[in-house]
Amino acid sequence: MSGVLVRRAVEADYPAVARLTVAAYEADGQLKGGTGYGTVLADVATRAASGDVLVAVDEATGVPLGAVLFVLPGSPYAELCGPGEAEFRMLAVDPAAQGRGVGMVLARACLSRAAELGCSAVAICVREGMAEAAQRLYARLGFVRTPERDWSPLPGLRLLGLRRELSPGTP
């Protein structure tokens with residue numbers, strides 16, 4: 001997508017990343033039920049200490065449009081990835097920027113980062129019943145269901161495992 005730059009978030013980005021991440025999850029209905037997950041999403045500094053927070057910014061204005069957390073096995077935020085794999089979590093696009101391909105750019109940046117690090121695959125989990133647009137995004141990127149990795153962090157919340165094999169050097 002032209003006009004969008006993906007880079008590692010810096011501390012000055014954290015408030016905007018927190019705001020847009022919480023707003024995206026709220027808009028998608030994922031913060032219902034008082035689980036406290038909104039607080040986790042807003043804590044960008046802790047995420048950044050445990051992995052790479054990548055931010056997509058409008059090249060012309062510098063305004064953050066979306067963000068994602070990229071992690072490797074052993075990170076406190078790694079949920080599914082095993083040896084030789086990477087994972088990304090908390091992919092969020094500001095509701096005002098949705099439909100512009102920002103999510104695709106962020107996901108591709110994670111695939112590229114994983115390939116650069118020599119990973120053989122990227123594993124992610126998605127909420128059961130997630131928006132169709134997100135399902136299409138992951139399908140277009142080549143992610144396939146891995147039901148053996150499905151899990152439930154809370155009663156009534158089911159997360160589905162997805163995995164994308166990587167070719168050496170190319171995402």
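**Pocket lining, aromatic contacts and cysteines**

The largest pocket has a volume of about 1,200 Å³ in this structure, which is a predicted model. Of the 44 residues that line this pocket, Tyr25, Asp28, Gln30, Leu91 and Tyr138 are the closest to its centre. Classified by residue type, the lining comprises 28 nonpolar, 8 polar and 8 charged residues.

Aromatic contacts were examined next. A pair of aromatic rings is described by the distance of the centres and the angle of the planes. Across the whole structure, 4 aromatic pairs were found. One of them joins Phe88 and Tyr138 in a tilted arrangement, with 6.1 Å from centre to centre and 45° between the planes. This pair links distant parts of the chain, given that Phe88 belongs to strand 4 and Tyr138 to helix 5, 50 residues apart. Both partners are buried: Phe88 has a relative accessibility of 3%, and Tyr138 has a relative accessible area of 9%.

Phe88 also pairs with Phe143, here edge-to-face, at 5.9 Å centre to centre and with 85° between the planes. Because Phe88 lies in strand 4 and Phe143 in the loop between helix 5 and strand 6 (144–145), this contact ties together parts that are 55 residues apart in sequence. Phe143 is likewise buried, its relative accessible area being 7%.

The cysteines were then considered. A disulfide is a covalent bond between the sulfur atoms of two cysteines. The structure holds 0 disulfides. Cys110 takes part in none, and the nearest cysteine sulfur, that of Cys119, is 11 Å away. Cys110 is buried, with a relative accessible area of 0%. For Cys119, the closest cysteine sulfur is that of Cys81, at 8.1 Å, which is too far for a bond, because a disulfide requires two cysteine sulfur atoms within 2.5 Å. Cys119 is buried as well, at a relative accessible area of 11%.

Key. Residues are numbered from 1 along each chain as its sequence is written. This is a predicted model: local features need pLDDT of at least 70, side-chain atom pairs count only at pLDDT 80 or more; totals for chains, interfaces and linings use all residues. Side-chain values use heavy atoms; hydrogens and water are left out. Buried means under 20% relative accessible area, exposed over 50%, partly exposed in between (1.4 Å probe, protein chains only). On a 1 Å grid over the protein atoms alone, a cavity is a set of points where a 1.4 Å probe fits but cannot get out, and a pocket is an open set with protein on both sides within 12 Å along at least five of seven lines; lining residues have an atom within 4 Å of a point. Grid points are joined across faces, edges and corners, and a volume is the space filled by probe spheres set on the points. Ala, Val, Leu, Ile, Met, Phe, Trp, Tyr, Cys and Pro count as nonpolar, Asp, Glu, Lys and Arg as charged, and the others, Gly among them, as polar. Rings of Phe, Tyr and Trp (its six-membered ring) pair if their centres lie within 6.5 Å; planes under 30 degrees apart count as stacked, over 60 as edge-to-face and the rest as tilted. Helices (H or I, at least four residues) and strands (E, at least two) are DSSP runs, numbered from the N terminus.
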